[in-house]
Amino acid sequence: MSCLFSCCASLACGCCTSVASGITKKSARIAYCGLFGASLVISWVLREVASPLLQKIPFIKSSYQGINNADHTKEWYQTSTVLRVSLGNFLFFVVLAIIMIGVKDQNDRRDSWHHGGWIGKMIIWFLLIVLMFFMPNVIVDIYGILSKFGAGLFLLVQVILLLDFTYTWNDAWVEKDEHKWYMALLAVSVGCYIAAFTLSGILFIWFNPSGQDCGLNVFFIVMTMILAFAFAVIALHPKVNGSLLPASVISVYCAYVCYTGLSSEPRDYICNGLHNKSKAVSTSTLILGLITTVLSVLYSAVRAGSSKAFLSPPSSPRAGATSPLLSPDDPEAGEKKDSEFRPVSYSYTFFHLIFALASMYSAMLLSGWTSSSDSADLIDVGWASVWVKICTEWVTAGLYIWSLLAPILMPDREFFS
């Protein structure tokens, strides 16, 4: 048995070494995604497998007991496990964010720290996660409370990314100034609106069963349809001079968020016609949900962390703003080449902060926003999840409408799309 463990350990170390040595400067962001994705997988596995084991270990069980020396429930162990893994991941990225404050030049020594040293980073990341299981409950509870705000901030970042994407997409096609691209804009816009209203109609069938009083679900769905209609009216108003494409894309997104919110309702809720007939969930459904969550969080984290729409180094020169101090023919140019200023392409600090917020968000998803529920074996199910998603939809609508009306309400200010 000891020989088997030794072989496994050697194999794991060899894999980590080979992976770390293969990470180049261009693939550093992918490597950070790999660490973050691994933390999500570990959280999910420990949530499903390790929670019962924690109750059988005397040291952990005694340190996890409540004030009245009563054992905690299974749901408490699951939530605590997820939060502890998330806390270790959060601290890892926060420490990196602090270290990278002020890095503007690629010649800065910390630039190599950001892109290299992966064996050390993997070891530190793993140790932080392990050490979190020895932290007092009060610290984990405080982190759980703070994670709700951090997750909300991460959702706000997602919304801003979506708005930036839709405007960039619209501007890219309009700038081509060709008839076929205008027709493409119209076709995509109409298609998105058809999809938005079709999905809203399907939601009426799924989440408003006949013979049941489901006023809250009807309110959510009707509000989604009203918002979609309002987007088009405001965007096409002569004073606004907007475009239908962003309005249609935001409408589809709001309809989708409404669907995810309603599908997060408890399985025993009578108005959840999509899931109320089965309180269990298959392993394939759990895996699919986890993969979807991982991909969504990873995309948002990478896009936000490296997006210049949020933050770019103040010292990054704009094209044509500066001229070289030495001409290429100057004999001293070769000596100055290695020491010349080379600005970083994105903010390393902001990049790591986004991953830290994503750690909080993923912890909330896996723990049901730390609310006790009868569906403890399910991911992202419960009334807390419902209201978070519905509020996200409304915030998205508010930000989009504000982006249309702000130039009119404050004409003296300059706004950038």
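Predicted model: local features only at pLDDT ≥ 70, side-chain atom pairs only at ≥ 80, totals over all residues.
H7 covers residues 137-176 and H8 covers residues 179-207. Their axes come within 8 Å and cross at roughly 150°. Angles over 145 degrees count as roughly antiparallel, and H7 and H8 are therefore roughly antiparallel to each other. On the H7 side, the residues that take part are Trp169, Asn170, Trp173, Val174 and Lys176. Facing them from H8 are Trp181, Tyr182, Ala184, Leu185 and Val188. Sorted by class, this contact between H7 and H8 has 8 nonpolar residues, along with 1 polar and 1 charged.

Next come the cysteines. The structure holds 1 disulfide, and its partners are Cys214 and Cys271, with an S to S distance of 2.0 Å. A disulfide is a covalent bond between the sulfur atoms of two cysteines. Turning about the S-S bond of Cys214 and Cys271, the torsion comes to about -95°, so this disulfide is left-handed. As for where the two ends sit, Cys214 is in the loop between H8 and helix H9 (215-235), while Cys271 is in the loop between helix H10 (244-263) and helix H11 (283-305). The pair therefore ties together parts that are 57 residues apart in sequence. Both Cys214 and Cys271 are buried.

Cys254, on the other hand, is in no disulfide. What is the nearest cysteine sulfur to that of Cys254? It belongs to Cys258, and it is 9.1 Å away. Seen from the other end, the closest cysteine sulfur to that of Cys258 is in Cys254, and the 9.1 Å between them is too far for a bond. A disulfide needs sulfur atoms within 2.5 Å. These two cysteines are hidden away as well: Cys254 is buried with a relative accessible area of 1%, and Cys258 is buried with a value of 0%.

The last stop is Ser39, which lies in helix H2 (residues 28-54). The side chain of Ser39 has a polar contact of 3.1 Å with the side chain of Asn89. Setting aside neighbours within four places in sequence, Ser39 is in contact with Val85 and Trp125 as well as with Asn89.

How values were computed:
Residues numbered from 1 in each chain as written. Heavy atoms only, no water. Axes fitted to C-alpha atoms, helices over the stretch in contact; angles between N-to-C directions. Helix = DSSP H or I, 4+ residues; strand = E, 2+ residues; numbered from the N terminus. Parallel < 35°, antiparallel > 145°, perpendicular 65-115°, else oblique. Contact = heavy atoms within 4.5 Å. Nonpolar A, V, L, I, M, F, W, Y, C, P; charged D, E, K, R; others polar. Buried < 20%, exposed > 50% of the residue type's maximum accessible area, 1.4 Å probe, protein only. Polar contact = N/O pair within 3.5 Å; in protein donor to acceptor, adjacent residues only side chain to side chain.
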